Amino acid sequence: MSEQTKPDVILDTVNQEVQSGQYSKALEGMGRSLDLNPKLEIVLYGALLIVAAAMRLWDLDSRAMHHDESLHAIYSWYVNIGNGYRHDPLMHGPFQFFGTSSIFALFGDTNVTVRLLPALFGTVLVGLPYFLRNFMGRPGAMIVAAVLAISPTMLYFSRFARNDIFMAVWTLALVGVVWRYMDEKQPKWLYAAAVLMALGFATKESQFIVVALVGLGLVALSWKELGEWIWGQRYLDEFSSSGILVIVLGTMTLPMLGAFSGIFQDTFGIILTAPEHTPGLATGEADGIGVVSAIIITGVLTALAFAIIFKWNLKIGLILMAIFWVITFLLFTSLGTNLIGITSGVWQSLGYWIGQQDVRRGSQPWY
């Protein structure tokens with residue numbers, strides 16, 4: 001081992017790069033002595049993608065259709081034949097219905113085509129570690145791609161007409177975008193995050209959990225400056241890249257969080273998120289004075305989100321909000337044909353699952 005590649009020399013360099021905020025260089029340095037030949041790397045990723053695609057597309061219609069798949073198939077078919085679509089959180093977000101309907105329009109409606117979009121997303125998932133190779137280390141990223149390609153769980157959900165594999169792609173892509181922004185500090189990565197955030201919320205309500213998990217890591221990196229801002233000792237435009245990402249992810253999520261107030265509705269005696277089997281109400285829907293309360297709560301959270309992001313950066317903030325809300329509006333309102341969909345998207349997406357809390361499917365404990 002040469003003097004330049006001794007472990008203590010590498011670690012000293014890595015520490016200097018971390019302290020200067022050059023995360024990709026720091027992480028790449030950890031695997032510097034194990035680097036792959038770039039041409040061989042491309043060949044290996046290409047081979048993995050071919051294998052992954054073959055495993056996901058082969059005999060795609062052989063398995064009997066699952067109950068959930070049948071629902072997603074029929075409502076996608078309704079969209080395809082012109083019957084339209086109305087958002088219902090029972091079947092999660094609208095993305096899968098418009099996506100599958102587009103596949104039907106291109107290739108016809110069969111048991112293969114209803115599973116084709118998940119199969120394509122499952123293949124894309126295998127390739128995503130390539131774009132994280134500077135952060136994970138090139139050999140590490142290659143191993144992750146290989147595991148994703150052959151994982152029985154990932155393979156199953158890549159051949160299953162549900163939204164799980166879509167969420168896997170949005171989540172891994174969001175993690176990559178977060179890393180790229182922390183490393184490069186270019187607004188284009190924030191705009192990409194806005195797209196992925198909107199698509200995540202329009203795909204499945206587990207996006208709230210994704211934001212919480214990614215956000216907790218970012219808060220751990222920026223808790224000091226967040227505290228200084230709360231106490232009036234720091235301005236938002238002085239935040240580090242991790243602090244800015246907390247602002248961006250947080251302000252896009254805030255208006256969608258209003259239905260969480262439904263856990264307190266018994267205290268105030270109003271219906272903010274109707275429990276399942278409430279007569280005359282859809283699960284998660286507000287009623288009576290609860291509708292007014294829902295409007296006020298959502299309005300306050302939206303105003304707070306805009307106030308924070310405008311104080312940080314007016315130009316970038318407007319672009320981010322435009323990207324996020326245009327995508328959200330178009331998908332939840334079925335391209336403007338079901339305007340009430342924006343209320344079910346913003347309130348009932350979370351409200352449905354708050355209303356489901358007491359159902360305890362499968363005799364689950366209360367938590």
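## The span of helix 15

Helices are DSSP runs of H or I with at least four residues, numbered from the N terminus. The structure is a predicted model, in which local features need pLDDT of at least 70 and side-chain atom pairs count only at pLDDT 80 or more, while totals for chains, interfaces and linings use all residues. Residues are numbered from 1 along each chain as its sequence is written, and side-chain values use heavy atoms, with hydrogens and water left out.

The buried residues of helix 15 are G290, S293, A294, T298, L301, A305, I308, I309 and W312. Buried means under 20% relative accessible area, exposed means over 50%, and partly exposed lies in between, as found with a 1.4 Å probe on protein chains only. The cover over these buried residues of helix 15 includes helix 11 (187-201), helix 12 (207-230), helix 13 (241-253), helix 16 and helix 17.

## Helix 10 and the residue after it

Helix 10 (residues 164-184) can be checked in the same manner: at 1.5 Å a residue its 21 residues should span 30 Å, and the end C-alpha atoms are 30 Å apart, which agrees. Just after helix 10, K185 takes a positive phi of about 60°.

## Two pairs of packed helices

Two packed helices are described by the angle between their axes and the distance between the axes. The axes are lines fitted to C-alpha atoms, for helices over the stretch in contact, and the angles run from 0 to 180 degrees between N-to-C directions. Angles under 35 degrees count as roughly parallel, over 145 as roughly antiparallel, 65 to 115 as roughly perpendicular and the rest as oblique.

The axes of helix 4 (residues 67-80) and helix 5 (residues 95-107) come within 8 Å and cross at roughly 65°, and the two helices are therefore roughly perpendicular to each other. From helix 4, the residues L71, H72, A73, Y75, S76, W77, V79 and N80 meet Q96, F97, F98, T100, S101, F104 and A105 of helix 5, where contact means heavy atoms within 4.5 Å. By class, this contact of helix 4 with helix 5 has nine nonpolar, six polar and no charged residues; Ala, Val, Leu, Ile, Met, Phe, Trp, Tyr, Cys and Pro count as nonpolar, Asp, Glu, Lys and Arg as charged, and the others, Gly among them, as polar.

Helix 16 (residues 314-332) and helix 17 (residues 341-355) pack at an angle of about 110°, with their axes 7 Å apart, and that makes helix 16 roughly perpendicular to helix 17. In this pair, W325, T328, F329 and F332 of helix 16 meet G341, I342, G345, V346 and S349 of helix 17, and the residues of the contact divide into five nonpolar, four polar and no charged. T328 is buried, with a relative accessible area of 1%, and, leaving aside its neighbours within four places in sequence, T328 is in contact with A198 and I342.

## The loop between helix 16 and helix 17

S334 is placed in the loop between helix 16 and helix 17, and this residue is buried, with a relative accessible area of 5%. The phi of S334 is near 55°, a positive value in a residue other than glycine.

L339 also has its place in the loop between helix 16 and helix 17, but at 53% relative accessibility L339 counts as exposed. Not counting residues up to four places away in sequence, L339 touches F329 and T333. The C-alpha atoms of L339 and R86, which are 253 residues apart along the chain, are separated by 9.4 Å.

## The loop between helix 14 and helix 15

T273 lies in the loop between helix 14 (265-268) and helix 15 (289-312), and at 1% relative accessibility T273 counts as buried. When residues up to four places away in sequence are not counted, T273 touches A259, G262, Q265, G284, E285, W347, G351, I354 and G355.

H277 is placed in the loop between helix 14 and helix 15, yet at 70% relative accessibility H277 counts as exposed. This residue has a positive phi of about 70° although it is not a glycine.

Key:
The expected span of a helix is 1.5 Å times one less than its number of residues.
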